[in-house]
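Please look at the structure below before reading on.

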Amino acid sequence: MRRELQSLIARDWIGLKVEVVESPNESEVGIAGEVVDETMWTLKIMTEKGLKIVAKKGRTFKVWFMEQVVKISGNLITFRPEDRIKRGLMLLKRAKGVKV
Amino acid sequence: MVLKRDKELERKIARERIDELMKRSQIYKYTSYELAKRYVELAKKISMKYRVRMSREQKRSFCKKCMYPYRADRMRVRIKKRRVIVTCLNCKHSRRFQLKPKTSNIV
Amino acid sequence: MFDFIRFTPTDLPDLGFKSYVIFDGKCAIALTANNAKELREKLKKIKDNILVGVVGKNPEVCREAIMRKKVDILLDCIERELDYATIKLAAEKDVTIELGLSKFLKSNRSERLKLFDALRTEIKVINKFDTPFVVSSAAENMWEMRTRKQIEMFFSFFGCNILKARKSAERVVRRYFDKNYIMDGFEILE
C-alpha cells in the first residue's frame, strides 16, 4: 500500500480528484475537482464552476487516490507529464529513509 | 557511480498510464474531441520515451497523421479485395489492414 | 523539540523536550572510526532502515560520512573540525550537523575560548549555506543534561536561528518514527 502511495509523485495526475489547500493567492484556496490536463508548470482542474488553471509552484494539494488522502507540495512535481515517471523515481531514490 | 535508474519499475508505471490514457480518450471522444487528442499524444510520447509497445487495438484506434481518435462520423470504412480501408476525414489520410482468410470448422 | 543523548536515562524530570533520541543500538546507531576504510566496513554491516549517526574525529572521516546515503547526522565531539567545504557539501547531500553543549562543559579555560571561536565561524557558514542543523546537549551521563530553554538561549546568543533547528530536528526524527511521513512535503493524512 505504501509503495503505491509513494508512486504518486512518479505518475501524472490526470483523472484524479484534487483540492488546493495552501496558496499565496487567497482566491485559489478551496478549488476542488478532477484533473483534466497537465503541463510543466500548471494543472487544469475541472470544477463545478468551470475550467480553472492553477500553477504548481508554491502551492500544496490534497490528492484522493485508492481511498486514501495524500498531501503533496507542488514544488516536487514541476515536470512535464511524460518526464514525471523518470524524475519522480529519481527524487524518491535520492531522499533519505525512503524504501523504493 | 551515479544513481541507477530502475527501468523495470518505470516500464511498469508507463504501461499502466498508457492503458488508462487510451481508455479515457475513448470515453471523451464524443464530448471533447481536443482533450481526446491530447490524451492520445501523451500516450504516444510515453510509449516512445520508455520503450513500451502499445497493443494492436490501441495502435489502430487513432489516425497516425493527425492523432485524432477515430469516431463514427469522422471516419470512412470500406472493404475491397480482402482489405479494410480506413480513411480519417479530418486529414484525409488512409490506411489499410489485411484480412486473413477464416478457416472454418466444417471440413 | 528533540534531544540526542548517548545513554539510557532513568527517572527523568520534565525538561521541556517532546521526546529523546537515544543512541543505544535499538532506536538509533552511533558509529566511530579512525579512517575512511573502517567507516565503510562498519556501514556495510547495517542493513535495516535506521537512524545512523557518525562521530567525526578527523576531517577525513567527516567528509566520507557526508558522502554516504545511510548517514543522517554528524555527531559532535571535542576533536571535531568542520571547514567551509564540508558544510557546503552537507547542505547539498542533506546531512544534519549537530551542535552539542557537552564539549564546553568538559574543557579547560583556554580550550573553551578556542571552541567558542570555532563555534562562531561554524554558525556563520551554516547560516550562509542553509544547512540543516540540530541543537542538543550531547550528554553522556545524567549530569550533563540541561533544559530546553537553557540550550536554546546559549546557542541563540552565538547567532543561530532556533526555528530552523526545530524544523530540521522534526524532519530527521519523523522520517524513521512516523508512519505517515514520507518526504519533505509529502504526507499521508489519516
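Predicted model: local features only at pLDDT ≥ 70, side-chain atom pairs only at ≥ 80, totals over all residues.

Residues are numbered from 1 along each chain as its sequence is written, chains are lettered from A and ligands numbered from 1 in the order in which they are written, and side-chain values use heavy atoms, with hydrogens and water left out.

Q: What makes up the secondary structure of chain B?
A: Chain B has 3 helices and 3 strands. Helices (H or I, at least four residues) and strands (E, at least two) are DSSP runs, numbered from the N terminus. Along the sequence the pattern is α-α-α-β-β-β.

Q: Why is chain B called more spread out than a compact globule?
A: The globule rule is 2.2 Å times the number of residues to the power 0.38, and the radius of gyration is taken over C-alpha atoms. For 107 residues the rule gives 13 Å, and chain B has a radius of gyration of 18 Å, well over that value, so chain B is more spread out than a compact globule. Its C-alpha atoms fill a box of roughly 60 × 45 × 20 Å along the principal axes.

Q: Why is chain C called as compact as a globular protein of its length?
A: Chain C has 7 helices and 9 strands. Its radius of gyration is 16 Å, close to the 16 Å that the globule rule gives for 190 residues, so chain C is as compact as a globular protein of that length. The C-alpha box of chain C is roughly 50 × 40 × 35 Å, taken along the principal axes.

Q: Why does B:Thr87 count as buried?
A: Buried means under 20% relative accessible area, exposed over 50%, and partly exposed in between (1.4 Å probe, protein chains only). B:Thr87 has 16% relative accessibility, so B:Thr87 counts as buried. B:Thr87 is placed in strand β2 (residues 83-88) of chain B.

Q: Which residues is B:Thr87 in contact with, leaving aside its neighbours within four places in sequence?
A: Contact means heavy atoms within 4.5 Å. On that basis B:Thr87 is in contact with B:Arg74, B:Met75, B:Arg76, B:Lys92, B:His93 and B:Ser94, with neighbours within four places in sequence left aside.

Q: Why does B:Ser61 count as buried?
A: B:Ser61 has 18% relative accessibility, so B:Ser61 counts as buried. B:Ser61 lies in the loop between α3 (56-59) and β1 (75-80) of chain B. Apart from neighbours within four places in sequence, B:Ser61 is in contact with B:Met22, B:Gln26, B:Pro69 and B:Tyr70.

Q: What share of each chain is buried?
A: In chain B, buried residues make up 36% of the 107 residues. In chain C, they make up 47% of the 190 residues.

Q: How many residues does the contact take from chain B and from chain A, and what area is buried?
A: The contact takes 22 residues from chain B and 21 residues from chain A. Buried area is the accessible area (1.4 Å probe) that two parts lose on being put together, summed over both. Here that area is about 2,000 Å², and carbon and sulfur atoms give 59% of it. B:Leu3, B:Ile13 and B:Arg17 supply 27% of the area that chain B buries against chain A, more than any other three residues.
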